[in-house]
Amino acid sequence: MAEVLVYVDHVDGAVRKPTLELLTLARRIGEPVAVALGNGAADTVAALAEHGAVKVLTHEAAEYADYLVVPKVDALQAAVEAVSPAAVLVPSSAEGKEIAARLALRIGSGIITDAVDLEAGDEGPVATQSVFAASYSTKSRVTKGTPVIMVKPNSAAVEAAPAAGAVEALSVTFSDKATGTKITSRTARESTGRPELTEAAIVVSGGRGVGGADNFALIEALADSLGAAVGASRAAVDAGWYPHTNQVGQTGKSVSPQLYIASGISGAIQHRAGMQTSKTIVAVNKDAEAPIFELVDYGVVGDLFDVVPQLTEEIKARKG
């Protein structure tokens, strides 16, 4: 069976959830070979093997932390040349998109972005994408070179599938461009105690209908009762009610949770583009004609200031 490279997104050895989802998808089309780079790469092996990696290629060097994405592209190119994989899977994050695009250009291959599913095909892996505000699903495959496929978080379940996880050192020679852009400082992200927005299984978002920054406490309370991340529409962010880091939409972040709850959001195409692949969508809006209701699985026509607190209390009561 052909091998499939999986780029490992980790923080000092702690493997992030989208990578484990990629291993699930990789097993559908071949044997997963994980590529773990940078500080803590060796510490990823146990988790990767537990979730199906038959082999783990590791390489630790200061360049991965000290410079932007080029060193990682160099390493993935070396892995492609060493393995000759059936495909390369990369998480569809901001960094992942840049890595994947540069890699595809380097190796002269086609690229597929924001896949939400993956299956084996007679002529190579076939990726499913959701397009035009989830109005259509397309199936695509790369016809030139080794397919480089970016997969959206929450596109597959994390499944334990213990494998050998044999560790091999990856030989990497950094290019001249690897040290072209140096990282001069870092600021730790302030923790809210909530899940990362793009990786969360549940997202609760508020929009213009929330009416002000102080009222986002209602949205946060509902999110906390569900163990969810908090999102916001562009209108709410532009008004200064919530940080841009939480914006969901075409000019913000793209999410694909199991459950998406939109409160006081009209459903403009800009917002829909960022949450259209959510598995189940619930909307609360007092305007029965709001466009968001065209997209939802469940809709509540009502004032969010009445509905959201009641929903929060009901969830707490059932949990309690």
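Q: Buried area is the accessible area (1.4 Å probe) that two parts lose on being put together, summed over both, so what is the area buried between domain 1 and domain 2 in this structure?

A: The size of an interface is often given as the accessible area lost when the parts come together. Here domain 1 and domain 2 bury about 720 Å² between them, and carbon and sulfur atoms give 48% of that area. Please keep in mind that this is a predicted model, in which local features need pLDDT of at least 70 and side-chain atom pairs count only at pLDDT 80 or more, while totals for chains, interfaces and linings use all residues. Residues are numbered from 1 along each chain as its sequence is written, and side-chain values use heavy atoms, with hydrogens and water left out.

Q: Where do the two domains lie in the chain, and how many residues does each bring to the contact?

A: The domain assignment, which is automatic or taken from a database, gives domain 1 as 3-169 and domain 2 as 202-319. Their centres, taken over C-alpha atoms, are 31 Å apart. Ten residues of domain 1 and eleven residues of domain 2 take part in the contact, where contact means heavy atoms within 4.5 Å.

Q: How many salt bridges join domain 1 and domain 2?

A: A salt bridge needs a side-chain nitrogen of Lys or Arg within 4 Å of a carboxyl oxygen of Asp or Glu, and the count between domain 1 and domain 2 is zero.

Q: Is Glu199 buried or exposed?

A: Glu199 counts as buried because its relative accessible area is 16%, and buried means under 20% (exposed is over 50%, partly exposed in between, with a 1.4 Å probe and protein chains only). Leaving aside residues up to four places away in sequence, Glu199 touches Arg16, Lys17, Pro18, Pro153 and Asn154.
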